[in-house]
Amino acid sequence: MAEKMKKSKAAFITVEGLEGCGKSSVIRFLEEFFKKKKLEVQVYREPGSTKIGEEIRKILLEKKDLELSSYTELLLYLAARTQLIEERLSKDLSRFDVIICDRFYDSTLVYQGYALGLGRVVEQAVDIFSLGMKPDLTLFLDVDVEVGLRRLKAPDRIESRPLPFHKKLRTGFLKLAKAEPERIKVIDASGSLDQIYQRVKEVLIKERISIINK
Ligand code: T5A
(Lines give C-alpha, C1' and ligand atoms only; values in the text may rest on other atoms or scores of the structure.)
Protein backbone atom coordinates (compact mmCIF):
# COMPACT_ATOMS: atom_id res chain seq x y z
CA MET A 1 0.00 0.00 0.00
CA ALA A 2 2.77 2.40 1.06
CA GLU A 3 4.48 1.53 -2.19
CA LYS A 4 1.36 2.61 -4.12
CA MET A 5 1.35 6.02 -2.41
CA LYS A 6 4.93 6.66 -3.50
CA LYS A 7 5.30 9.14 -6.32
CA SER A 8 6.76 7.95 -9.58
CA LYS A 9 10.26 9.25 -10.24
CA ALA A 10 10.44 13.05 -10.44
CA ALA A 11 11.33 14.77 -13.66
CA PHE A 12 14.88 16.02 -13.17
CA ILE A 13 15.48 19.29 -15.01
CA THR A 14 18.77 21.18 -15.00
CA VAL A 15 19.36 24.75 -16.13
CA GLU A 16 22.74 25.69 -17.52
CA GLY A 17 24.15 28.80 -19.06
CA LEU A 18 26.83 31.40 -19.38
CA GLU A 19 27.39 34.02 -16.71
CA GLY A 20 24.56 36.53 -16.44
CA CYS A 21 22.33 34.55 -18.82
CA GLY A 22 19.22 34.93 -16.64
CA LYS A 23 19.35 31.43 -15.13
CA SER A 24 18.13 32.48 -11.69
CA SER A 25 15.15 34.31 -13.19
CA VAL A 26 14.29 31.37 -15.46
CA ILE A 27 14.43 28.99 -12.50
CA ARG A 28 11.94 31.14 -10.57
CA PHE A 29 9.72 31.10 -13.67
CA LEU A 30 9.98 27.29 -13.94
CA GLU A 31 9.09 26.84 -10.29
CA GLU A 32 5.95 28.93 -10.71
CA PHE A 33 5.07 27.21 -13.98
CA PHE A 34 5.07 23.77 -12.36
CA LYS A 35 3.42 24.91 -9.14
CA LYS A 36 0.53 26.34 -11.17
CA LYS A 37 0.10 22.83 -12.53
CA LYS A 38 -0.18 21.60 -8.93
CA LEU A 39 3.10 19.75 -9.20
CA GLU A 40 5.43 19.50 -6.23
CA VAL A 41 8.69 21.15 -7.07
CA GLN A 42 12.08 21.18 -5.39
CA VAL A 43 14.87 23.54 -6.46
CA TYR A 44 18.59 23.05 -5.82
CA ARG A 45 21.66 24.96 -6.81
CA GLU A 46 25.16 23.76 -7.57
CA PRO A 47 27.48 24.04 -5.88
CA GLY A 48 25.40 24.20 -2.72
CA SER A 49 22.01 23.24 -1.29
CA THR A 50 23.55 21.16 1.53
CA LYS A 51 25.51 22.43 4.52
CA ILE A 52 28.73 20.99 3.16
CA GLY A 53 27.93 22.13 -0.38
CA GLU A 54 27.39 25.72 0.77
CA GLU A 55 30.74 25.68 2.59
CA ILE A 56 32.44 24.34 -0.54
CA ARG A 57 30.67 27.06 -2.54
CA LYS A 58 32.27 29.73 -0.37
CA ILE A 59 35.73 28.30 -1.07
CA LEU A 60 35.05 28.03 -4.79
CA LEU A 61 33.42 31.37 -5.41
CA GLU A 62 33.94 33.87 -2.64
CA LYS A 63 37.54 33.39 -1.56
CA LYS A 64 39.40 35.17 -4.31
CA ASP A 65 42.69 35.12 -2.35
CA LEU A 66 42.90 31.30 -2.39
CA GLU A 67 45.04 29.78 -5.10
CA LEU A 68 43.03 26.72 -6.04
CA SER A 69 44.70 24.40 -8.50
CA SER A 70 42.52 23.27 -11.42
CA TYR A 71 42.27 19.73 -10.03
CA THR A 72 41.36 20.98 -6.56
CA GLU A 73 38.64 23.09 -8.16
CA LEU A 74 37.34 20.04 -10.04
CA LEU A 75 37.33 17.88 -6.93
CA LEU A 76 35.50 20.50 -4.89
CA TYR A 77 32.71 20.78 -7.47
CA LEU A 78 32.45 16.99 -7.53
CA ALA A 79 32.44 16.80 -3.74
CA ALA A 80 29.59 19.31 -3.52
CA ARG A 81 27.67 17.29 -6.11
CA THR A 82 28.04 13.88 -4.50
CA GLN A 83 26.97 15.39 -1.19
CA LEU A 84 23.84 16.85 -2.81
CA ILE A 85 23.02 13.59 -4.58
CA GLU A 86 23.48 11.38 -1.53
CA GLU A 87 21.94 13.73 1.01
CA ARG A 88 19.01 15.10 -0.98
CA LEU A 89 18.58 14.39 -4.68
CA SER A 90 18.45 10.59 -4.69
CA LYS A 91 15.79 10.58 -1.95
CA ASP A 92 13.82 13.50 -3.36
CA LEU A 93 13.29 11.76 -6.67
CA SER A 94 10.47 9.80 -5.08
CA ARG A 95 9.13 12.74 -3.02
CA PHE A 96 8.60 15.42 -5.66
CA ASP A 97 7.15 15.67 -9.14
CA VAL A 98 9.84 17.93 -10.50
CA ILE A 99 13.37 18.64 -9.34
CA ILE A 100 15.10 21.66 -10.83
CA CYS A 101 18.84 22.07 -10.42
CA ASP A 102 20.64 25.34 -11.10
CA ARG A 103 23.64 23.83 -12.90
CA PHE A 104 24.73 20.19 -12.74
CA TYR A 105 27.40 18.06 -14.37
CA ASP A 106 27.32 19.82 -17.74
CA SER A 107 28.87 22.82 -15.98
CA THR A 108 31.77 20.65 -14.80
CA LEU A 109 32.27 19.22 -18.27
CA VAL A 110 32.34 22.70 -19.76
CA TYR A 111 34.00 24.86 -17.06
CA GLN A 112 36.64 22.43 -15.80
CA GLY A 113 36.81 19.99 -18.69
CA TYR A 114 36.64 22.27 -21.71
CA ALA A 115 37.45 25.84 -20.65
CA LEU A 116 40.04 24.99 -17.98
CA GLY A 117 41.36 22.26 -20.25
CA LEU A 118 41.31 19.25 -17.90
CA GLY A 119 39.61 17.24 -20.63
CA ARG A 120 39.19 13.47 -20.42
CA VAL A 121 39.80 13.17 -16.70
CA VAL A 122 36.77 15.38 -16.13
CA GLU A 123 34.57 13.20 -18.32
CA GLN A 124 35.63 10.13 -16.35
CA ALA A 125 35.25 11.83 -12.97
CA VAL A 126 31.83 13.24 -13.88
CA ASP A 127 30.75 9.81 -14.98
CA ILE A 128 31.79 8.24 -11.68
CA PHE A 129 30.73 10.97 -9.28
CA SER A 130 27.30 11.72 -10.70
CA LEU A 131 26.38 8.40 -9.08
CA GLY A 132 24.08 7.46 -11.95
CA MET A 133 22.08 10.68 -11.74
CA LYS A 134 21.25 12.05 -15.18
CA PRO A 135 18.98 14.99 -16.04
CA ASP A 136 15.86 14.20 -18.06
CA LEU A 137 15.95 17.65 -19.59
CA THR A 138 18.61 20.36 -19.63
CA LEU A 139 17.91 23.92 -20.69
CA PHE A 140 20.99 25.77 -21.90
CA LEU A 141 20.39 29.52 -21.87
CA ASP A 142 22.51 30.87 -24.69
CA VAL A 143 23.38 34.54 -24.41
CA ASP A 144 26.05 36.70 -26.01
CA VAL A 145 29.10 36.26 -23.74
CA GLU A 146 29.80 39.98 -23.36
CA VAL A 147 26.14 40.88 -22.79
CA GLY A 148 25.99 38.34 -19.95
CA LEU A 149 29.22 39.54 -18.35
CA ARG A 150 28.06 43.17 -18.44
CA ARG A 151 25.07 42.21 -16.29
CA LEU A 152 27.20 40.98 -13.41
CA LYS A 153 27.34 43.41 -10.50
CA ALA A 154 30.01 41.77 -8.33
CA PRO A 155 31.83 39.05 -10.30
CA ASP A 156 32.91 36.03 -8.22
CA ARG A 157 36.17 34.06 -8.59
CA ILE A 158 35.01 32.17 -11.68
CA GLU A 159 33.15 35.08 -13.25
CA SER A 160 36.32 37.20 -12.95
CA ARG A 161 38.19 34.96 -15.39
CA PRO A 162 39.26 36.57 -18.72
CA LEU A 163 36.98 36.88 -21.73
CA PRO A 164 38.54 33.97 -23.74
CA PHE A 165 37.60 31.60 -20.88
CA HIS A 166 33.96 32.72 -21.09
CA LYS A 167 33.95 32.43 -24.88
CA LYS A 168 35.18 28.86 -24.53
CA LEU A 169 32.27 28.14 -22.19
CA ARG A 170 29.76 28.98 -24.89
CA THR A 171 31.54 26.76 -27.42
CA GLY A 172 31.68 23.97 -24.84
CA PHE A 173 27.97 24.11 -24.01
CA LEU A 174 27.01 24.21 -27.69
CA LYS A 175 29.18 21.15 -28.35
CA LEU A 176 27.43 19.26 -25.55
CA ALA A 177 24.03 20.29 -26.90
CA LYS A 178 24.99 19.06 -30.34
CA ALA A 179 26.11 15.73 -28.91
CA GLU A 180 22.92 15.25 -26.86
CA PRO A 181 20.11 17.09 -28.67
CA GLU A 182 17.38 14.98 -27.07
CA ARG A 183 18.33 16.05 -23.55
CA ILE A 184 19.92 19.49 -23.98
CA LYS A 185 17.72 22.20 -25.45
CA VAL A 186 19.38 25.44 -26.47
CA ILE A 187 17.26 28.46 -25.56
CA ASP A 188 17.98 31.84 -27.10
CA ALA A 189 18.47 33.97 -23.97
CA SER A 190 18.68 37.32 -25.75
CA GLY A 191 15.91 39.90 -25.44
CA SER A 192 13.69 40.55 -22.44
CA LEU A 193 13.13 38.07 -19.61
CA ASP A 194 9.49 37.73 -20.75
CA GLN A 195 10.64 36.71 -24.21
CA ILE A 196 12.99 34.14 -22.67
CA TYR A 197 10.21 32.75 -20.43
CA GLN A 198 8.04 32.33 -23.53
CA ARG A 199 10.79 30.35 -25.28
CA VAL A 200 11.28 28.18 -22.20
CA LYS A 201 7.54 27.57 -22.01
CA GLU A 202 7.46 26.47 -25.63
CA VAL A 203 10.18 23.90 -24.94
CA LEU A 204 8.38 22.66 -21.84
CA ILE A 205 5.11 22.24 -23.68
CA LYS A 206 6.86 20.35 -26.45
CA GLU A 207 8.67 18.10 -23.95
CA ARG A 208 5.66 17.69 -21.65
CA ILE A 209 4.56 14.26 -22.76
CA SER A 210 7.84 12.57 -21.92
CA ILE A 211 8.92 14.72 -18.99
CA ILE A 212 5.92 15.83 -17.00
CA ASN A 213 3.44 13.09 -17.72
CA LYS A 214 5.74 10.17 -17.21
N1 T5A B 1 30.64 26.09 -11.90
C2 T5A B 1 29.52 25.45 -11.45
C3 T5A B 1 31.76 25.36 -12.35
O4 T5A B 1 32.79 25.95 -12.71
N5 T5A B 1 31.70 24.00 -12.35
C6 T5A B 1 30.61 23.31 -11.91
O7 T5A B 1 30.61 22.06 -11.91
C8 T5A B 1 29.46 24.05 -11.43
C9 T5A B 1 28.25 23.34 -10.94
C10 T5A B 1 28.34 29.05 -9.89
C11 T5A B 1 29.66 29.20 -10.58
O12 T5A B 1 30.35 27.97 -10.54
C13 T5A B 1 30.69 27.56 -11.84
C14 T5A B 1 29.72 28.27 -12.74
C15 T5A B 1 29.50 29.57 -12.04
O16 T5A B 1 30.54 30.45 -12.40
P17 T5A B 1 26.64 30.99 -9.35
O18 T5A B 1 26.64 32.15 -8.44
O19 T5A B 1 25.59 29.98 -9.14
O20 T5A B 1 28.05 30.28 -9.34
O21 T5A B 1 26.72 31.64 -10.74
P22 T5A B 1 25.75 31.52 -11.88
O23 T5A B 1 25.35 30.10 -11.99
O24 T5A B 1 26.38 32.13 -13.08
O25 T5A B 1 24.42 32.30 -11.43
P26 T5A B 1 24.12 33.81 -11.16
O27 T5A B 1 23.00 33.83 -10.21
O28 T5A B 1 25.34 34.59 -10.79
O29 T5A B 1 23.71 34.38 -12.55
P30 T5A B 1 22.54 33.96 -13.55
O31 T5A B 1 21.60 33.05 -12.88
O32 T5A B 1 23.15 33.52 -14.80
O33 T5A B 1 21.88 35.28 -13.91
P34 T5A B 1 20.70 36.05 -13.24
O35 T5A B 1 19.41 35.47 -13.57
O36 T5A B 1 20.95 36.25 -11.78
O37 T5A B 1 20.89 37.38 -14.00
C38 T5A B 1 21.95 38.26 -13.72
C39 T5A B 1 21.38 39.69 -13.77
O40 T5A B 1 21.02 40.01 -15.09
C41 T5A B 1 19.64 40.33 -15.18
C42 T5A B 1 19.00 39.74 -13.94
O43 T5A B 1 17.83 40.43 -13.59
C44 T5A B 1 20.11 39.88 -12.93
O45 T5A B 1 20.13 41.17 -12.39
N46 T5A B 1 19.12 39.73 -16.41
C47 T5A B 1 18.51 40.39 -17.38
N48 T5A B 1 18.21 41.67 -17.53
C49 T5A B 1 17.58 42.02 -18.66
N50 T5A B 1 17.24 41.15 -19.66
C51 T5A B 1 17.54 39.85 -19.54
N52 T5A B 1 17.22 39.00 -20.51
C53 T5A B 1 18.20 39.42 -18.36
N54 T5A B 1 18.64 38.22 -17.94
C55 T5A B 1 19.20 38.42 -16.74
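A pocket here comes from a 1 Å grid over the protein atoms alone: it is an open set of points where a 1.4 Å probe fits, with protein on both sides within 12 Å along at least five of seven lines. Grid points are joined across faces, edges and corners, and the volume is the space filled by probe spheres set on the points.

Thirteen residues line this second pocket, meaning that they have an atom within 4 Å of a point. Nearest its centre are Tyr105, Leu109, Val126, Asp127 and Glu180. Helix 5, helix 6 (120–129) and helix 8 (163–179) each give two or more residues to the lining. Helices are DSSP runs of H or I with at least four residues, strands are runs of E with at least two, and both are numbered from the N terminus. Helix 6 has the largest share, three residues.

A note on the source. Residues are numbered from 1 along each chain as its sequence is written. In this predicted model, local features need pLDDT of at least 70 and side-chain atom pairs count only at pLDDT 80 or more, while totals for chains, interfaces and linings use all residues, and side-chain values use heavy atoms, with hydrogens and water left out.

Now the largest pocket, with a volume of about 720 Å³. Of its 35 lining residues, Glu19, Lys23, Ser24, Arg103 and Glu159 are the closest to the centre. Elements giving two or more residues to this lining include strand 2 (41–45) and helix 4 (70–92).

What sits in the largest pocket? The ligand does, where sitting means that more than half of its atoms lie within 2 Å of the pocket's grid points.

Around the ligand there are 27 residues, each with a heavy atom within 4 Å of the ligand. Glu19, Lys23, Ser24, Arg103 and Thr108 come nearest. Helix 5 supplies the largest share of this shell, four residues.

Next, the polar contacts, which are pairs of N or O atoms within 3.5 Å. A polar side-chain atom of Glu19 is 2.7 Å from an oxygen atom of the ligand. For Gly20, a polar backbone atom lies 3.4 Å from a ligand oxygen. At Gly191, a backbone N or O atom is 2.9 Å from a ligand nitrogen.

Last, cover. On its own the ligand has 1000 Å² of accessible area, and the protein covers 81% of this. Those areas come from the Shrake-Rupley method with a 1.4 Å probe.

Note on methods: Polar contact = N/O pair within 3.5 Å; in protein donor to acceptor, adjacent residues only side chain to side chain.
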